[in-house]
Amino acid sequence: MNLLDACPKIYFGPDSLDALAELPAGPVLVLCDPYMAESGAVRQVTGRLERFGRAYSVFSEIEPDPSIQTVAASLQVLFRDKPESVVALGGGSAIDTAKAALYVCLRYKEALMGGRYIHRPFFVAVPTTSGSGSEVTSYAVLTDRADDVKIPLSDRAMIPDVAILDPSFTKTLPAAMIAYSGMDALTHAVEAYVSRKATVFTDLYAAAAAQAVCRCLPRLYAGTKDDATHQDMMLAATMAGLAFHNSSLGVCHGLAHTLGAEFHLPHGKANSIILPWVIAFNAGLGPYQDRPHLDVAARYGAFARLLGAPAGSDEAGTAWLIGLIQKFNVTFQTPASLRLAGISQGAYEAARADMTAKILRDLTTKANPVPVTAADVCRLLADVYEGGGPL
Ligand SMILES: NC(=O)c1ccc[n+]([C@@H]2O[C@H](COP(=O)([O-])OP(=O)(O)OC[C@H]3O[C@@H](n4cnc5c(N)ncnc54)[C@H](O)[C@@H]3O)[C@@H](O)[C@H]2O)c1
Ligand SMILES: [Fe+2]
C-alpha cells in the first residue's frame with residue numbers, strides 16, 4: 001500500500017506571511033535563532049501578530065544543530081507561556097527545536113492526563129533557509145552533545161499545520177549557507193528519488209526540486225537578489241522535503257549526521273562531500289564495482305537524464321550525476337574530502353569505530369536502497385576522508 005501524506009497547508013510568495021491572520025485566537029510563541037532576533041527579521045512576524053491582535057512572546061536562543069538542552073529550554077517556555085500557537089522562524093535548527101519541544105510537551109501531557117483534554121498548539125513553520133525542508137516533514141534532528149551524536153526523530157505529531165514560504169528571508173543568507181543548505185536540499189531530492197519507498201508523487205517532487213536547485217543555486221551563490229530565483233529555490237527545498245518525507249533518505253544522511261556531530265561540520269557541507277561517494281557506492285561504480293546494483297544505477301541514470309544528462313547508459317548517467325555534484329562543490333568552494341575540510345587524521349581514526357556504530361544505528365542508514373554493513377561504512381568513511389573522487 002502507498003501513501004501520499006500531503007499536509008501541511010503551504011502558503012508561498014511575497015505576501016504569504018499574511019496567512020498568520022489565520023492563527024487561532026490566543027497567545028503565540030515565536031521560536032527563532034539569535035540572528036533572526038538581532039537582525040530584526042523577526043519583526044516580519046511579530047509586526048503582523050501585533051496587526052492581527054495576537055499577544056506573543058519570543059524565545060530566540062536556538063543554536064545551529066540544536067541540542068537536547070535547547071529543546072528542554074524551549075519546553076520550559078512552552079509550559080510557562082501556554083501558547084495557543086507556535087511559530088518557528090528560522091532554518092532547520094529552529095524548526096526542528098520547535099517540533100521536538102511540541103512533541104515532548106504533547107507526550108508528557110498524554111502520560112500525565114491519560115490522553116484527555118490535550119491539544120497541541122497550532123504549529124506554523126516559517127523557513128528562512130532553502131534547505132532542510134523541515135517545514136513539511138515529520139523529522140527533527142537533535143544533537144546530544146555529551147555523546148556527539150545527531151538523533152533524527154520522526155513522528156506525525158511533529159508535522160507543522162502550516163508552512164509559510166516567504167522568499168525574502170533568504171536574501172540575507174551568507175554565500176556559504178546558501179550553498180550548504182541548497183546542497184542539503186539537492187541531497188534530499190537524490191536520496192528520495194532512489195529510495196525503495198519512492199512513488200510517482202515523490203519522483204515528481206524530487207525531480208522538480210533538483211531541476212530548480214541546478215537552475216537557481218549557482219546564481220544565488222553568486223549573490224543574485226532576484227525575487228523569482230529566491231522563491232524557486234525555497235519551493236525546491238520544500239518539494240525535496242515533501243519527497244523524502246513520503247519516501248526516505250539514505251546512508252548519505254546517516255554519514256552526514258554522525259560526521260556533522262563528531263566534527264561540527266555544517267549539515268549541508270557534510271552531505272556535499274559525501275554524496276558523490278554514496279551515489280557510486282549505491283550504484284556499484286568506481287571503487288565499489290565489486291557490488292553492482294543495476295536497479296539502483298537505473299534510478300540514478302533516470303534522475304540524471306531529468307537533470308540534463310545526455311542519453312546513454314545508466315552507468316554513464318550516474319557518472320554524469322556524480323560529476324555534476326563535484327562541479328557544484330568546486331563552484332561553492334566546498335572541500336573535496338574531509339581531510340581537506342581540516343579534520344585531523346588522528347581524531348578521525350580514533351572516532352572511527354564509534355562513528356561506524358552510530359551510522360549503522362541512524363534511521364536514514366536503515367532506509368538506504370542498498371543494505372549497508374559495518375564493512376561498507378568503514379570503506380565509505382575511508383573514502384570520504386581521503387577524497388580524490390569515486391570515478
Ligand atoms: N527536520 C528535517 O527534516 C531536517 C532535514 C535536513 C536537515 N535538518 C537539520 O537542520 C539543520 C540545518 O538547517 P539549515 O541548513 O536550515 O540551517 P540552520 O537552521 O542550522 O541555520 C544555520 C545558520 O544560518 C543562520 N540563518 C538562518 N536563516 C538565515 C537568514 N535568512 N539570513 C542569515 N542567516 C540565517 C542561522 O542563524 C544559523 O547561524 C541541521 O541541524 C540539520 O541536521 C533537518
Ligand atoms: Fe538533510
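Me: Among contacts between residues at least 6 apart in sequence, what share joins residues at least 24 apart?
Reply: The share is 77%. Keep in mind that this is a predicted model.

Me: What's the radius of gyration, and what would a compact globule have?
Reply: The chain has 20 Å. A compact globule of 391 residues would have a radius of gyration near 21 Å, so the two agree.

Me: And the box?
Reply: Along the principal axes, the C-alpha atoms fill roughly 60 × 45 × 45 Å.

Me: How many helices and strands does the chain have?
Reply: There are 14 helices and eight strands. As for burial, 50% of the 391 residues count as buried.

Me: Domains next. Which ones does the assignment give?
Reply: The domain assignment gives domain 1, residues 9-172, and domain 2, residues 175-386. Their C-alpha centres lie 27 Å apart.

Me: How many residues are in contact between domain 1 and domain 2?
Reply: On the domain 1 side there are 28, in contact with 31 residues of domain 2. The elements giving two or more residues to the domain 1 side are β1 (9-12), β6, β7 (149-154) and β8 (162-165).

Me: OK, ligand 1. How many residues surround it, and which are the closest?
Reply: Ligand 1 is surrounded by 29 residues. The closest are Tyr35, Gly91, Gly92, Ser93 and Ser134.

Me: Which domains does the shell around ligand 1 draw from?
Reply: Domain 1 and domain 2 each provide at least three residues of the shell. By element, α4 (92-113), β6 (139-144), α5 (175-194) and α9 (267-283) each supply at least two.

Me: Which element gives the most to that shell?
Reply: α4, with four residues.

Me: And how do the shell residues divide into nonpolar, polar and charged?
Reply: Around ligand 1 there are nine nonpolar, 16 polar and four charged residues.

Me: Staying on α4, is Tyr108 buried or partly exposed?
Reply: Tyr108, which lies in helix α4, is partly exposed because 13 other C-beta atoms lie within 10 Å of its own. A residue needs 20 or more to count as buried. Its C-alpha is separated by 37 Å from that of Val370, 262 residues apart along the chain.

Me: Switching to α8. How many residues does it have, and how far does it reach?
Reply: Helix α8 covers residues 251-263, so 13 residues, and reaches 18 Å from its first C-alpha to its last. That is close to the 18 Å expected at 1.5 Å a residue.

Me: Why is α8 said to be largely enclosed?
Reply: Because twelve of its 13 residues are buried. Among them are Val251, Cys252, His253, Leu255 and Glu262. His264 follows α8 and has a positive phi, near 55°.

Me: What about α10, which residues are buried there?
Reply: In α10 the buried residues are Val296, Ala297, Arg299, Tyr300, Gly301, Phe303 and Ala304. What covers them includes α5, α9 and α11.

Me: How far does α10 reach from its first C-alpha to its last?
Reply: Its 13 residues, 294-306, reach 18 Å, close to the expected 18 Å. Just after α10, Gly308 has a positive phi of about 115°.

Me: Where are Asp148 and Gln333?
Reply: Asp148 is in the loop between β6 and β7. Gln333 is in the loop between α11 (314-331) and α12 (345-361).

Me: Is Gln333 exposed or buried, and what about Asp148?
Reply: Gln333 is exposed because 10 other C-beta atoms lie within 10 Å, and 12 or fewer counts as exposed. Asp148 has 17 other C-beta atoms within 10 Å, so Asp148 is partly exposed.

Key. Residues numbered from 1 in each chain as written. Chains lettered and ligands numbered in written order. Predicted model: local features only at pLDDT ≥ 70, side-chain atom pairs only at ≥ 80, totals over all residues. Near = placed C-beta within 6 Å. Nonpolar A, V, L, I, M, F, W, Y, C, P; charged D, E, K, R; others polar. Domains from an automatic or database assignment. Contact = placed C-beta atoms within 7 Å. Rg over C-alpha atoms; globule rule 2.2 N^0.38 Å. Expected span 1.5 Å × (residues − 1).
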